Structure formats: structure tokens, C-alpha cells
Amino acid sequence: MASGTSGFEVREIEPGTPEYEQAADVRYDALYREWGLPRSLITDTDERTYRHVAVFDGPVLVGYARIWLEEGESRIFQVSVAPARQGVGIGALLVSALERIAHAEGRGEVELHARSHVVTFYRRLGYETEGEEFISGRAHTPHRLMRKRLSAT
């Protein structure tokens, strides 16, 4: 799953690899550090099986996200971009890659829990909010449920 948009490469990565360890740093810096939350929150302890994608700028991992495709669900988790690299399209590349994975697996819809301050980003990508704002159980931050229908193409 390589992609060369704007010089970035998007590819799947596997847990236990050096790339996955680099992704842990990006995840913590982008999702938890600003809230003063412990680094232990990035540990995968929920026993779900995910597919993981990362964006690279040359050898440097600058973005990470994952998707869960079990029990009929297609749920995106932990879209994270290195703070110094936000605002240049890396998040959109990650979400698009996960949507392609879901579509290839025959899914017609994806959902995610977006932090409230990034709802506008996901709306620009075609996601719609559902329900009221809620506090996430893991990070204890305000979130919104969002969904997107995937095109049949």
C-alpha cells in the first residue's frame, strides 16, 4: 500500500517492528502528551486485532492510524500526526488509507470517535457526527461519534 502524495509514503506496518515503535512516539506526542496523560495509554491492551498504517517522509515516520475490522465493525482509531507536521495533509492520507482497507474488506461504512476539537477535520473528509459529545473512557477527553458511508467504487 505505497502512495507518493506530496513525497509521503503510506504503508501498513506491523506490531513489534521498529516502525511500530516509532509510531508509539508519534501517538503519544499527538494524542496524549498535551493532556498530561500517561504514556501507558498507548499500550495496546484491548486485545483487538488491528491493521496499522503509517505515513513516512523519507525514513521518518510522521503519522500513524489503525482500523479494527471485526464483528461487522469498521472503526478507525488513533489517527495521529507528529505535532510539527500537522496541517499538511498527513491525517487525510491516513484516513484515506484506512478507508481503502475497509472498502477492500467489503465494508460500506467506517466510524470513529473524534476528539471534539478535530470534528471539523473529519467533516471535511465526509464524516458526519451522531449523538452528543461524550467523554472517552480511555483518555477522559471530549469526543464525538462520527460515521462515513464508503462509495461503491
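Contact here means heavy atoms within 4.5 Å. The model is predicted. Gln-78 lies in strand 4, which covers residues 75-81. Beyond its neighbours within four places in sequence, Gln-78 is in contact with Arg-27, Leu-31, Tyr-32, Leu-41, Tyr-64, Ala-65 and Arg-66. Its side chain also makes a polar contact of 3.1 Å with that of Tyr-32. Gln-78 counts as buried because its relative accessibility is 12%, below the 20% cut-off.

Helix 2 spans residues 90-104 and has 15 residues. The distance from its first C-alpha to its last is 21 Å, close to the 21 Å expected at 1.5 Å a residue. Buried positions in helix 2 include Ile-90, Leu-94, Ala-97, Leu-98, Ile-101 and Ala-102. Glu-99 is buried in this helix as well. Just after helix 2, Gly-106 adopts a positive phi of about 85°.

The largest nonpolar core has 27 residues. Val-55, Ile-67, Ile-76, Leu-94, Tyr-122 and Tyr-127 touch the most other members. Two or more residues come from each of strand 2 (50-57), strand 3 (60-68), strand 4, helix 2, strand 5 (109-115) and helix 3 (119-124). Helix 2 gives the largest share of this core, eight residues.

A second, separate core has nine residues, among them Ala-24, Tyr-28, Leu-41 and Ile-42. Leu-41 is also a contact of Gln-78.

How values were computed. Residues numbered from 1 in each chain as written. Predicted model: local features only at pLDDT ≥ 70, side-chain atom pairs only at ≥ 80, totals over all residues. Heavy atoms only, no water. Helix = DSSP H or I, 4+ residues; strand = E, 2+ residues; numbered from the N terminus. Buried < 20%, exposed > 50% of the residue type's maximum accessible area, 1.4 Å probe, protein only. Polar contact = N/O pair within 3.5 Å; in protein donor to acceptor, adjacent residues only side chain to side chain. Expected span 1.5 Å × (residues − 1). Core = buried A, V, L, I, M, F, W, Y, C linked by side-chain atoms within 4.5 Å.
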